[in-house]
Amino acid sequence: MNNITNKLREAELEDRAQEVELEYADSNEYDEDNVYINEETETGRERVIISHPPLERIVPPLNFCPVERYLYRSGQPSPVNFPFLLNLDLKTIIWLANEEPQDNLLEFCDNNNITLQFAAINPDGGEDDNPWDGLTEHSIINALRTIVSAEHYPLLVCCGMGRHRTGTVIGCLRRIMGWNLASVSEEYRRFTGSRGGRILVELLIEAFDTNLVEIDKDNAPDWLFTAL
């Protein structure tokens, strides 16, 4: 009698398992236009196809990275990056170069009430001025005076590639914040690419006199006030 009962139970379990498999198959049917991965089993096709991609593509600029709260760094933004920058609600962009940025960036700043500040490498440079020269102490101080004032935030610091000039200013800012030189150099080199950093940039950061930048603690960003 027990054997018959056990066999009946096994048959019922097999039938129920088949029903569950059929229900699962029906609930996971898909067509070519709506391919997805099942959240419970985390299984699916090797390639997921999105049939309706977003109309707006959010693409950050080259070498974009947050530095501190509402302070960012990057290479020169292009039109494909503008929707991303709009989400940052920028108030100021510091452009580290002698040459003017691209016209579309100038127009973007005008249309969105963003102050574009030129921290020229050599403000008195003539026709022989080299646009690839490093920053001078004067231009670094001008940029940092803007950065240490909260009224200019949110703020983006950028140059052509977002590497050496931007790295110089951010490195000097880290010195003001009390970072040790090893940490400053590590952050700088993180953005320099396969060619590595420039020894002259690191020497300039090391030799920079942080006392040349006056800080009004009442108007400084919160993160800077905490660091000081």
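Here are some questions and answers about aromatic rings and strands in this predicted model.

User: Are F64 and F84 stacked or edge-to-face?
Analyst: Their ring centres are 4.9 Å apart, and the planes sit at 85 degrees. Planes over 60 degrees apart count as edge-to-face. So the F64 and F84 pair is edge-to-face.

User: How many residues apart in sequence are the parts that F64 and F84 tie together?
Analyst: F64 is in the loop between α1 (2-27) and β1 (65-68), while F84 belongs to helix α2 (residues 82-86). Because of that, the pair ties together parts whose separation in sequence is 20 residues.

User: Is F84 buried or exposed?
Analyst: Check its relative accessibility, which is 14%. Buried means under 20%. So F84 counts as buried.

User: Is the pair of F82 and F108 stacked or edge-to-face?
Analyst: Here the rings are 4.3 Å centre to centre, with 15 degrees between the planes. Planes under 30 degrees apart count as stacked. That makes F82 and F108 stacked.

User: Which helices hold F82 and F108?
Analyst: This pair ties together parts that are 26 residues apart in sequence. F82 is buried at a relative accessible area of 11%, and F108 is buried at 6%. F82 lies in helix α2, and F108 in helix α3 (residues 103-111).

User: What ring does the charged end of R73 sit over?
Analyst: Look for the ring whose centre is 3.8 Å from that charged end. The ring belongs to F191.

User: Which residues are buried on the two faces of strand β3?
Analyst: In a regular strand the side chains alternate between the two faces of the sheet. Strand β3 (residues 92-95) is covered on both faces. One side has T92 and I94, and the other has I93 and W95.

User: In β4, what is the bridge partner of I93?
Analyst: β3 and strand β4 (residues 115-118) run parallel, joined by 4 bridges. Together with α3 they make a right-handed β-α-β unit. The β4 partner of I93 is L116.

User: And in β5, what is the bridge partner of I94?
Analyst: β3 also pairs with strand β5 (residues 155-159), in the parallel sense over 4 bridges. In β5, I94 has as its bridge partner V157.

Technical notes:
Residues are numbered from 1 along each chain as its sequence is written. This is a predicted model: local features need pLDDT of at least 70, side-chain atom pairs count only at pLDDT 80 or more; totals for chains, interfaces and linings use all residues. Side-chain values use heavy atoms; hydrogens and water are left out. Rings of Phe, Tyr and Trp (its six-membered ring) pair if their centres lie within 6.5 Å; planes under 30 degrees apart count as stacked, over 60 as edge-to-face and the rest as tilted. Buried means under 20% relative accessible area, exposed over 50%, partly exposed in between (1.4 Å probe, protein chains only). A charge sits over a ring if NZ of Lys or CZ of Arg is within 6 Å of the ring centre and within 35 degrees of the ring normal. Two strands pair if DSSP finds at least two bridges between them. A crossover is right-handed if, with the strands pointing away from the viewer, the path from the first strand over the helix to the second runs clockwise.
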